[in-house]
Amino acid sequence: MEILANDVIGNICNLTILESKVLKESKECILYKIVNIDKKKYIIKHLLSENRNERMFKEIAVCKHIKEQVSEFPCVIPLKCDCSMGMSIYLQEYLDGESYFNVISTSDEKKEFSKELIKKLVLLRNIQIDKLLKQKIFSCSNKWKDYLLKQMAMYKLEIDKNSNLSYKQIDNAYSWFVMQSERLENIEKISLIHNDLNKDNIVVVKEKGKITIGLLDFERAILGDSLKDVSKLIWIFRRDKELGDLFWKEYTAKSNKTDYIRLKMYLCFDIFNHLSQYDVLCNDFMWRNYICEELDILKYIEKDEFKLW
């Protein structure tokens, strides 16, 4: 996809742009940071995926809904959107901060970061979802188990088509997931979950020893078990054992009980999602390494002694 020129972006967003910078470029989106004539910073998100309009309007609706209930929640509501000329582009205010990966270093910072992130997850878990259901932003919230099993079956079908993925541990992990699926039947609470937390979507500002966190990109948000977000976080913190341990300690201290097997099931679900996109993801060197790591995890994920981090 061709990078948009400043005058094109300016015409779409009705802004006079002094400078622009591409922050991210992938098969799904191009992310620009722009500065207008008043020196105000914005983000332009140009979605490229097939379901781009649906994702764009979902993020707008979800962020508005969150802010209506918790005005101080650290997300941004897109200001303008444009679906003309076959493009899905929207403008939002720039949320200051850098990836936690680049900012958090000391043990004290990691502990404070973990506490602040868990506070945000609790706020998100307590967002009322009735209005989102009435607006048909999401489908019925009581079909979490059915949703996951249907998605897993679709992932497995794509995986089976790929001759590069003829591994016994894939079949074993799939059977284990289906066998454990009754655990998904009676989730204590169906919540709004981000569903795409990663090092790019969690931004951190450090100022005078205080850590502030912002969450970006709610376009993949779904209704489900809040442990799904927790599982993803433990997975992305795996390369920093100290951070993973501190996050887990803080999380379990705030939770009366945690179903460890459900956490492993959500990790398994994400791995199958990645494997179903094997040919695309493996064009990227980093993802090739991740896939090898995830295939190894599937050998042990059903075992009691397996650790998530």
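A residue counts as buried under 20% relative accessible area, exposed over 50%, and partly exposed in between (1.4 Å probe, protein chains only). Keep that handy for this tour of a predicted model, in which local features need pLDDT of at least 70 and side-chain atom pairs count only at pLDDT 80 or more, while totals for chains, interfaces and linings use all residues. Residues are numbered from 1 along each chain as its sequence is written, and side-chain values use heavy atoms, with hydrogens and water left out.

Start by selecting D225 and R262. D225 is buried at 3% relative accessible area, and R262 is buried too, at 13%. Their side chains form a salt bridge (a side-chain nitrogen of Lys or Arg within 4 Å of a carboxyl oxygen of Asp or Glu), with the closest N and O atoms 2.7 Å apart.

K228 sits in helix α8 (residues 227-236), 42 residues from D270. What is the relative accessibility of K228? K228 has 5% and counts as buried, while D270 has 8% and is buried as well.

Now select D196 and R220, a salt bridge at 3.6 Å, N to O. D196 lies in the loop between β7 (190-193) and β8 (202-207) and R220 in the loop between β9 (210-215) and β10 (222-225), so the pair ties together parts 24 residues apart in sequence. D196 is buried at 17%, whereas R220 is partly exposed at 29%.

Key: Helices (H or I, at least four residues) and strands (E, at least two) are DSSP runs, numbered from the N terminus.
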